[in-house]
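Subject: Structure handover

Hello,

Here is the structure I promised to pass on. Please open it first, then read my notes below.

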Amino acid sequence: MARSDEATAFFLAVYATVQRIPYGKVTSYGHIAKLVGTPQRPRQVGICLKHLPQDADSRFNHDNVPWQRVINSKGIISPRSQPSGARNQAAALRAEGVTVTTDALGELMVDFSDYGWFPDELLSDEEEE
């Protein structure tokens, strides 16, 4: 089923925003939703990342959008439909130097106080320089 123009715009805004997360940092689905102007839609951010194209020829794809840098608001790597999904995300974060720990319930966690990225708004590329 084709996406509506509104849904396509949301997906593209999410992907462009996730690309701005610095290497070695993480943020939450909710914060991405806030930055794209829809703070009530954190679950939809997760859906966007779940449907990130694998095709390297796509403008936004699995290789150029750092999906692994988005976790839940508790600092926990969200479980996936496949058990290896959270482990793969943890491995990708560890490869960036992010410390991922396991809590008493076996959940994989990242400490936002060490690795969190939570700007109030996104600056343009020119403003960041």
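In helix 1, the buried residues are Phe 10, Phe 11, Val 14, Tyr 15, Thr 17 and Val 18. Buried means under 20% relative accessible area, exposed means over 50%, and partly exposed lies in between (1.4 Å probe, protein chains only). Helices (H or I, at least four residues) and strands (E, at least two) are DSSP runs, numbered from the N terminus.

Two notes on the source. This is a predicted model, where local features need pLDDT of at least 70, side-chain atom pairs count only at pLDDT 80 or more, and totals for chains, interfaces and linings use all residues. Residues are numbered from 1 along each chain as its sequence is written, and side-chain values use heavy atoms, with hydrogens and water left out.

**Helix 1**

Back to those buried residues of helix 1. They cover an arc of only 165° around the axis, so they sit on the same side of helix 1. The arc is that of the directions from the helix axis to the C-beta atoms. There is a general rule behind this: an α-helix has 3.6 residues a turn, so residues three or four places apart point the same way.

What covers the buried residues of helix 1? The cover includes helix 2 (29–35), helix 3 and strand 2. Helix 1 has 14 residues and reaches 20 Å from first C-alpha to last, close to the 20 Å expected at 1.5 Å a residue. The expected span is 1.5 Å times one less than the number of residues.

**Helix 1 meets helix 3**

The axes of helix 1 (residues 5–18) and helix 3 (residues 42–50) come within 10 Å and cross at roughly 80°. Axes are lines fitted to C-alpha atoms, for helices over the stretch in contact, and angles run from 0 to 180 degrees between N-to-C directions. The two helices are therefore roughly perpendicular. That label covers 65 to 115 degrees; under 35 is roughly parallel, over 145 roughly antiparallel, and the rest oblique.

Helix 1 brings Phe 10, Phe 11, Val 14, Tyr 15 and Val 18 to the contact, and helix 3 brings Gln 44, Val 45, Ile 47, Cys 48 and Leu 49. Contact means heavy atoms within 4.5 Å. These residues divide into 9 nonpolar, 1 polar and no charged. Ala, Val, Leu, Ile, Met, Phe, Trp, Tyr, Cys and Pro count as nonpolar, Asp, Glu, Lys and Arg as charged, and the others, Gly among them, as polar.

**Helix 4**

Helix 4 (residues 84–95) has 12 residues. Its buried residues are Gly 85, Ala 86, Gln 89, Ala 90 and Leu 93. They fall within an arc of 135° seen down the axis, so they line one face of helix 4. They pack against strand 2 (70–71) and strand 4 (108–109). The face turned away from the buried side carries the exposed residues Arg 87 and Ala 95. After helix 4 comes Gly 97, with a positive phi near 90°.

**Three loop residues**

Is Thr 38 buried or exposed? Thr 38 is buried, at 13% relative accessible area. It lies in the loop between helix 2 and helix 3. Beyond its neighbours within four places in sequence, Thr 38 is in contact with Phe 10 and Ala 33.

His 62 is in the loop between helix 3 and strand 2. It is partly exposed, at 28%.

Ser 73 sits in the loop between strand 2 and helix 4. It counts as exposed, at 62% relative accessibility.

Best wishes
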